[in-house]
Amino acid sequence: MPTWDPIVYERYKGYRDRPALDLMVQIPDQRFREIWDLGCGTGEHAALLSLRHETAAVHGVDSSPEMLAEARKRQARVAWSLGDVADFAPEVAPDLIFTNAALQWLPDHATLFPRLAGRLAPRGVFACQMPMAYETEHHRILRETAQSGPWAGLTGEARRINPTPPLADYYDWLAGVCGQVDVWTTSYLHALEDEDPIIDWMAGTALRPYLDALEGENDLKTAFLAELTARIAHAFPRRVDGVTLFPFPRLFMVAIR
Ligand SMILES: C[S@@+](CC[C@H](N)C(=O)[O-])C[C@H]1O[C@@H](n2cnc3c(N)ncnc32)[C@H](O)[C@@H]1O
């Protein structure tokens with residue numbers, strides 16, 4: 001399990017929030033009693049859900065103590081807990097499961113998705129967004145760089161994300177337990193500023209498993225980062241207005257039990 005860097009992760013908060021908010025507006029307008037945010041991270045969205053659904057009990061679970069420590073600093077009406085989504089077994093059936101940019105880290109979606117949605121109360125809603133990161137150019141460069149060079153022995157096997165299964169598979173996995181299923185993708189074109197913004201973006205998430213694999217190997221880590229930075233800069237040149245365009249496709253689904 002990679003460690004997470006909440007400070008770096010928050011740096012691109014505006015861009016990372018956008019899909020979560022795009023997902024939130026697709027949640028049907030109904031009264032929820034039990035809401036869970038799975039892989040809640042620093043807790044922004046669970047806090048928002050608690051404001052939006054004033055009478056609901058809202059829970060946020062995450063496996064990272066660092067992320068949860070940030071979440072706990074919020075003055076939010078949310079019950080935070082440390083735990084693995086793979087073991088999700090709430091005592092009371094949720095009527096909303098919200099999960100943003102988290103389930104891509106868990107294996108075996110064919111089993112996981114129907115199991116999670118199957119926990120919902122009748123008419124409960126499963127709302128999920130995941131980056132389609134494996135398919136992006138910057139992840140291809142990350143994988144290639146990790147597998148070539150003197151660091152490859154350590155980074156080659158770092159835990160990484162998997163290819164996104166076909167969208168129709170998600171439909172089928174959810175349709176087995178839900179009456180209504182909506183699956184779609186949105187591709188964002190982020191206009192990032194500053195020096196090496198894509199490296200900076202990845203530093204909070206995708207790069208973590210690779211940097212963890214190089215823990216204690218400072219020379220290798222520096223060389224790996226320098227090579228990755230050069231390859232990314234070549235593939236994503238800065239434009240005359242100083243902006244780096246960063247395409248990012250994301251997968252969404254809202255299913256009603
Ligand atoms: C990219 S962050 C997203 C955080 C938050 N949902 C958001 O949108 O800002 C992914 C989060 O998923 C959590 N996570 C990854 N695997 C997990 C698991 N198996 N169980 C619980 N949390 C997990 C990580 O600790 C991290 O906080």
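Cysteine 178 lies in the loop between α8 and β6 (180-192), where helices (H or I, at least four residues) and strands (E, at least two) are DSSP runs numbered from the N terminus. The structure is a predicted model, in which local features need pLDDT of at least 70, side-chain atom pairs count only at pLDDT 80 or more, and totals for chains, interfaces and linings use all residues. Residues are numbered from 1 along each chain as its sequence is written.

Cysteine 178 is buried, because 23 other C-beta atoms lie within 10 Å. A residue counts as buried if 20 or more other C-beta atoms lie within 10 Å of its own, as exposed if 12 or fewer do, and as partly exposed in between, with C-beta atoms placed from the backbone. Leaving aside neighbours within four places in sequence, cysteine 178 is in contact with Ala117, Phe126, Ala255, Ile256 and Arg257; contact requires that the C-beta atoms of two residues, placed from the backbone, lie within 7 Å. The C-alpha atoms of cysteine 178 and arginine 123 are separated by 8.6 Å, and the two residues are 55 residues apart along the chain.

The protein as a whole has 11 helices and seven strands. Of its 257 residues, 36% count as buried. The C-alpha atoms fill a box of roughly 55 × 40 × 40 Å along the principal axes. Among contacts between residues at least 6 apart in sequence, 77% join residues at least 24 apart.

Two helix pairs were examined. Helix α5 (residues 109-117) and helix α8 (residues 167-175) pack at an angle of about 40°, with their axes 8 Å apart. Axes are lines fitted to C-alpha atoms, for helices over the stretch in contact, and angles run from 0 to 180 degrees between N-to-C directions. α5 and α8 are therefore oblique to each other, given that angles under 35 degrees count as roughly parallel, over 145 as roughly antiparallel, 65 to 115 as roughly perpendicular and the rest as oblique. The contact involves His109, Ala110, Phe113, Pro114 and Ala117 of α5, together with Tyr170, Trp173 and Leu174 of α8. By class, this contact of α5 with α8 has seven nonpolar, one polar and no charged residues; Ala, Val, Leu, Ile, Met, Phe, Trp, Tyr, Cys and Pro count as nonpolar, Asp, Glu, Lys and Arg as charged, and the others, Gly among them, as polar.

The axes of helix α6 (residues 137-147) and helix α11 (residues 218-235) come within 10 Å and cross at roughly 145°. On α6 the contact is made by Glu137, His138, Ile141, Leu142 and Thr145, and on α11 by Phe224, Glu227, Leu228, Arg231, Ile232 and Ala235. The residues of this contact of α6 with α11 divide into six nonpolar, two polar and three charged.

Two aspartates have positive phi. Aspartate 108, in the loop between β4 and α5, has phi near 55° and is exposed, with 10 other C-beta atoms within 10 Å. Aspartate 196, in the loop between β6 and α9 (197-203), has phi near 45° and is partly exposed, with 19 other C-beta atoms within 10 Å.
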